[in-house]
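The topics are taken up in turn below the structure.

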Amino acid sequence: MSSDDERDEKELDLTSSEVVTKYKSAAEIVNKALQVVLAECKPKTKIVDICEKGDAFIKEQTGSMYKNAKKKIERGVAFPTCISVNNTVGHFSPLASDESVLEEGDMVKIDMGCHIDGFIALVGHTHVLQEGPISGRKADVIAAANTAAEVALRLVRPGKKNNAVTEAIQKVAEAYDCKIVEGVLSHQMKQMVIDGSKAVLSVSSPDSKVDDVEFEENEVYAIDIVASTGDGKPKLLDEKQTTIYRKDELVNYQLKMKASRFIISEIKENFPHMPFTARSLEEKRARLGLVECLNHGLLQPYPVLYEKPGDFVAQIKFTVLLMPNGSDRITSHSLQELQPTKTIEDPEIKGWLSLGFKKKKGGGKKKKAKKAGETGEASTEAEPMEASSNAQE
């Protein structure tokens, strides 16, 4: 291996300032893209139009970056914009022909991602289409997802174990009389890898298992919290609604159909590492070709799952860099005002929420950590709570 190769190999994590810059640039773009999408979320607006605007914004913003780099740098959409409403758990990013529209009072989950040179920033946010504060069970489930995310932010740090996070987020959901949705994983991310081998289960169950692991400095995680007022066991209702896929780089198979070979070569060229939407493919051939690719495991689908009608599902997803000076949450968006029917009384949850996650730099005034329950607001805030400088000793 040449010294250049060794240097490249060494610089692929957060020890490189260039890598940190790329993560933060991707995060800045996806945070702005989320604002663009939120502004489009109005009653009677077609969902597919909103999804397309989110993706187009990310492509436009990343398109002008690193244009003059010596080697070609991949950049763009890391996860297609999804708009999943009410009891839909996620991954709803419909085809152009879909006529679904948003309605007043809908609980909208926005899920999207951006990458620069394969360094990925993901974000997920929940918004209700109404004026004024959110109350009742809608407020409960958003507060459950958000408080669980705040707890996860404080527990996903070097030296802590993934199973402790699983137990904690379930405990938070129970405090709001909600359930964490089964089958949702939070993953470590690396360059060009959106779902690394280190993962955090949302819910321990016989069907889903991950290895016990410890978080380490200079790792990056996408923490994905999905809470429900239902039983947290979502169902696949219609396979035809699945439009998001990712190429499985470990599977090789000689495809028989011409349409399949055309589609897989288009995917290899345009989406070699990141998930993509079938909207991005040549539609007629895609319909024919995707089936054979799926049947032989060349593509991994992201299915659209549902809780029961009348249930509400909320999602909060953020990207966190485990830096030497503490955790750096680089994607987020503030929530609407919430008036949940429950408040956090459990001392263990209050203890987690009072933990610091960022070491403060010296000088200047330092704010004290806000403890959950002091103002009654800790459970509904989306912005990171300030922490004292010695919180991580």
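The model is predicted: local features need pLDDT of at least 70, side-chain atom pairs count only at pLDDT 80 or more, and totals for chains, interfaces and linings use all residues. Residues are numbered from 1 along each chain as its sequence is written, and side-chain values use heavy atoms, with hydrogens and water left out.

**Overall architecture**

- The protein has eight helices and 16 strands; these are DSSP runs numbered from the N terminus, with helices (H or I) of at least four residues and strands (E) of at least two.
- Of the 393 residues in the protein, 53% are buried (buried means under 20% relative accessible area, exposed over 50%, partly exposed in between, with a 1.4 Å probe and protein chains only).
- Among contacts (heavy atoms within 4.5 Å) with a separation of 6 or more, 77% join residues 24 or more positions apart.

**Cavities**

- The structure holds two cavities of 30 Å³ or more. On a 1 Å grid over the protein atoms alone, a cavity is a set of points where a 1.4 Å probe fits but cannot get out, and a pocket is an open set with protein on both sides within 12 Å along at least five of seven lines; lining residues have an atom within 4 Å of a point.
- The second largest cavity holds about 30 Å³ of space, where a volume is the space filled by probe spheres set on the points, and grid points are joined across faces, edges and corners.
- The lining of the second largest cavity consists of Ala152, Val165, Ile169, Ser186, Val200, Leu201, Ser202, Ile223 and Ile225. Two or more of the lining residues come from each of α5, β7 and β8.

- The largest pocket contains about 720 Å³ of space. Its lining has 30 residues, and His91, Gly183, Val184, Leu185 and Tyr302 are the closest to its centre.
- Strands β1 (75–85), β2 (107–116), β6 (185–189), β8 (220–228) and β14 (313–323) are the elements that give two or more residues to the lining of the largest pocket. By class, this lining has 14 nonpolar, nine polar and seven charged residues.
- The second largest pocket contains about 470 Å³ of space. Arg75, Gly76, His115, Asn270 and Phe271 lie nearest its centre, among 22 lining residues.
- Elements α3 (47–63), β1, α6 (258–270) and β11 (276–277) each give two or more residues to the lining of the second largest pocket. Eight nonpolar, eight polar and six charged residues make up this lining.
- The second largest pocket lies between domain 1 (17–234 + 305–354) and domain 2 (243–302), because both give residues to its lining; the domain bounds come from an automatic or database domain assignment.

**Nonpolar cores**

- The largest nonpolar core has 50 residues, of which Cys41, Ile83, Leu102, Ile110 and Met112 touch the most other members. Such a core is a set of buried Ala, Val, Leu, Ile, Met, Phe, Trp, Tyr and Cys residues joined through side-chain atoms within 4.5 Å.
- At least two residues of this core come from each of α2 (17–40), α3, β1, β2, β3 (119–128), β8 and β14. Helix α2 supplies the largest share, eleven residues.
- Domain 1 and domain 2 each contribute at least three residues to this core.
- Another core, of 44 residues, lies apart from it and includes Ala139, Val141, Ala168 and Ile316.
- Leu102 is located in the loop between β1 and β2 and is buried, with a relative accessible area of 0%. The C-alpha atoms of Leu102 and Lys46 are 6.6 Å apart, although 56 residues separate the two in sequence.

**Loop residues**

- Most residues other than glycine have a negative phi.
- Asp177, in the loop between α5 (162–175) and β5 (179–180), has a positive phi near 55°. Asp177 is partly exposed, at 49% relative accessible area.
- Met192, in the loop between β6 and β7 (199–201), has a positive phi of about 65°. Met192 counts as buried, at 17% relative accessibility.
- Asp117 is in the loop between β2 and β3 and is buried, with a relative accessible area of 11%. Beyond four places in sequence, Asp117 touches Lys22, Ile73, Glu74, Arg75, Gln191 and Met192.

Notes
Nonpolar A, V, L, I, M, F, W, Y, C, P; charged D, E, K, R; others polar.
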